[in-house]
Amino acid sequence: KQWYQRRVRGNKELPTDAQIVAHCVNTYLDSHLPRNPMYPEGRTFTTQYFVQTPSKADSKKREYALFQSSIHPPHFKVLVGDEVWEVSKGRNNLFHSLLLLLFHLRDEEHGMLGPLNLGPTGLNMLWIVE
């Protein structure tokens, strides 16, 4: 256990669990959103709806986005318009941020992530927050 804490947990070059999960969510949504010619690499969700530090939260005006404000330890927030929604710190921060983003998409965007329906006729992800 001590070796793990010194070698793995203390190594800032390795991704954290939250970074791995965020990457999986981003990749999953990238694969389902239609390609946008403005983003030829095919990472539509990651480019449009995910902001990672050191980029500023307000560098590009976005309707909504998931914002990673800190790399080590990872900390995520939700951007909605000009507001930055702070989410409690801790090991569940990413999941709480994703849930908050899903709530916003369900209530304010009619269940749509851009052109992608997150409801039963699309990815069916909104059942999580029903």
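## Backbone exceptions

N124 lies in the segment that follows β6 (116-117), where helices (H or I, at least four residues) and strands (E, at least two) are DSSP runs numbered from the N terminus. This is a predicted model, in which local features need pLDDT of at least 70 and side-chain atom pairs count only at pLDDT 80 or more, whereas totals for chains, interfaces and linings use all residues. Residues are numbered from 1 along each chain as its sequence is written, and side-chain values use heavy atoms, with hydrogens and water left out.

Although N124 is not a glycine, it has a positive phi of about 60°, and at 37% relative accessibility it counts as partly exposed. The classes used here are buried (under 20% relative accessible area), exposed (over 50%) and partly exposed (in between), with a 1.4 Å probe and protein chains only. H110, in the loop between α4 (93-108) and β5 (112-113), likewise is not a glycine and has a positive phi of about 60°; H110 is exposed, at a relative accessible area of 69%. The peptide bond from H72 to P73 is cis, with omega near -10°, and P73 is placed in the loop between β2 (64-70) and β3 (75-80). As background to these exceptions, most residues other than glycine have a negative phi, and most peptide bonds are trans.

## Overall chain

The protein chain has four helices and six strands, and from the N terminus on its elements run α-α-α-β-β-β-β-α-β-β. Of its 130 residues, 36% count as buried. The chain exposes about 8,600 Å², of which carbon and sulfur atoms supply 55%; accessible areas come from the Shrake-Rupley method with a 1.4 Å probe, and for residues only the protein chains shown count as cover.

Among the contacts (heavy atoms within 4.5 Å) between residues at least 6 apart in sequence, 33% join residues at least 24 apart.

Strand β3 is mostly covered, as six of its six residues are buried. H75, K77 and L79 point one way from β3, while F76, V78 and V80 point the other way, and all are buried. In a regular strand the side chains alternate between the two faces of the sheet.

Two strands are taken to pair if DSSP finds at least two bridges between them. On one side of the sequence, β2 and β3 run antiparallel and are joined by six bridges, with S70 standing opposite H75 in β3; these two strands form a hairpin with four residues between them. On the other, β3 and β4 pair in the antiparallel sense over three bridges, and L79 stands opposite V84 in β4. The hairpin of β3 and β4 has two residues between the strands, and G81 in its turn has a positive phi of about 60°.

Strand β2 also pairs with β1, to which it runs parallel, over three bridges, with F50 standing opposite L66 in β2. Five of the seven residues of β2 are buried, so this strand is largely enclosed by the rest of the structure.

## V87 between strand and helix

V87 is found in the loop between β4 (83-85) and α4, and at 7% relative accessibility V87 counts as buried. Leaving aside neighbours within four places in sequence, V87 is in contact with H75, F76, K77, N93, H96, S97 and L100. The C-alpha atoms of V87 and L100, which are 13 residues apart along the chain, are separated by 8.6 Å.

## The second largest pocket

A pocket is here an open set of points on a 1 Å grid over the protein atoms alone, where a 1.4 Å probe fits and protein lies on both sides within 12 Å along at least five of seven lines; lining residues have an atom within 4 Å of a point. The second largest pocket has a volume of about 290 Å³, this being the space filled by probe spheres set on the points, with grid points joined across faces, edges and corners.

The residues that line the second largest pocket are Q19, A22, H23, N26, T27, D30, R43, T46, T47, F50, Q52 and Q68. The elements that give two or more residues to this lining are α2 (17-32), α3 (44-49) and β1 (50-52), and α2 gives the most, with six residues. By class, the lining has two nonpolar, eight polar and two charged residues, where Ala, Val, Leu, Ile, Met, Phe, Trp, Tyr, Cys and Pro count as nonpolar, Asp, Glu, Lys and Arg as charged, and the others, Gly among them, as polar.
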